[in-house]
Amino acid sequence: MPPRRPVRIAATVALLLATVAACGDTGALRGAGATPTATSPARLWPNLSPASSPAYDFDEADTETVKGITVPGDDIREVDPIAVVRAEIAANPSDYDGSKAPYRGTAERIADCASGGDGTRCPVLKPYYRDLTGDGRDDLTLGFRLLPTKMTAVRVYTVEKHRLVRVMANDDAVSGVELAGRSVIIRSPSELAGYEYRVQWTWDADQKAMLLTHDEFLRTGGRKHGVRRVTPTPVVSATP
């Protein structure tokens, strides 16, 4: 039997019109303007041979076991965030070690994160804990400033087989970070006033990694990004 929704809608509209007329309402139905004509998607270049491999490497399913870090009782909250950043610095000397390293300032200031150091100079931000992988246990979302640049590193770590595993890495000029469900949403300023970049990393159970699922350029209104900066909150380790 065909659906009766159009008949019901027509009857409802007729009843409303009759009610308005009976009540003596001087108002009348007003049109909202012409409705745009719906157009179907147009497929371009149907004879174009499809690509067999990506042109750029977006680091899909990029995971890495953090060397030298233990996870007591498989509780990621027992892992020292400062030690995790130190481990990344040690594993990537070309990025952090030496006068020509792009993020040499991070390595220089990591000592300020230790107890007794100048906490205001510590490049490591406050850690956040939430279950992003859906296994019922907290995961670690960690951020640290990539000095002397204006960029911020955002990392997500989980525990697999008693090991600390990095399941997401993103380096960018960051104006905001949000956690939503199984996703990490990172907002970055644009040179075009009133717009921002927004990327979303989402946990994929098959790949056992956070995958880049959305990459957008969005209008935000009249705000001018690049003028207002979010002040990061450093964290001081309990142990040197």
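Leucine 48 sits in the loop between α1 (5-22) and β1 (64-70). Leucine 48 is exposed at 60% relative accessibility (exposed means over 50% relative accessible area, buried under 20%, partly exposed in between, with a 1.4 Å probe and protein chains only). The model is predicted: local features need pLDDT of at least 70, side-chain atom pairs count only at pLDDT 80 or more, and totals for chains, interfaces and linings use all residues. Residues are numbered from 1 along each chain as its sequence is written, and side-chain values use heavy atoms, without hydrogens and water.

**Surface patch**
- Leu44, Trp45 and Leu48 make a nonpolar surface patch of about 420 Å².
- Patch residues have over 30% relative accessible area and no salt bridge, and nonpolar side chains are joined within 5 Å.

**Overall build**
- The protein has four helices and nine strands (DSSP runs: H or I of at least four residues for helices, E of at least two for strands, numbered from the N terminus).
- Buried residues account for 31% of the 240 residues.
- The accessible surface comes to about 16100 Å², with 53% belonging to carbon and sulfur atoms (Shrake-Rupley method, 1.4 Å probe).

**The β8-β9 hairpin**
- Strands β8 (residues 195-204) and β9 (residues 209-219) run antiparallel and are joined by ten bridges (two strands pair if DSSP finds at least two bridges between them).
- Four residues separate the strands of this hairpin, and lysine 208 in the turn has a positive phi of about 55°.
- Aspartate 204 stands opposite alanine 209 in β9.

**Threonine 158**
- Threonine 158 belongs to strand β4 (residues 151-160) and is buried, at 3% relative accessible area.
- Its side chain makes a polar contact of 2.6 Å with that of aspartate 139 (N or O atoms within 3.5 Å, one able to donate a hydrogen and the other to accept it; residues adjacent in sequence count only if both atoms are side-chain atoms).
- Threonine 158 touches residues including Ile76, Asp139 and Val167 (heavy atoms within 4.5 Å).

**Salt bridges**
- The whole structure holds ten salt bridges (a side-chain nitrogen of Lys or Arg within 4 Å of a carboxyl oxygen of Asp or Glu).
- Aspartate 171 and arginine 155 meet in one at 2.8 Å, N to O.
- Aspartate 171 lies in strand β5 (residues 163-172) and arginine 155 in β4, so the pair ties together parts 16 residues apart in sequence.
- Aspartate 171 is partly exposed at 36%, whereas arginine 155 is buried at 3%.
- Glutamate 196 pairs with arginine 187 at 3.2 Å between the closest N and O atoms, and both residues are buried.
- Salt bridges with shared partners join Glu178, Arg187, Glu196 and Arg198 into one network.

Methods: Patches are made of residues with over 30% relative accessible area and no salt bridge: like charges are joined within 9 Å, nonpolar side chains (Val, Leu, Ile, Met, Phe, Trp, Tyr) within 5 Å. Lists of a residue's contacts leave out its neighbours within four places in sequence.
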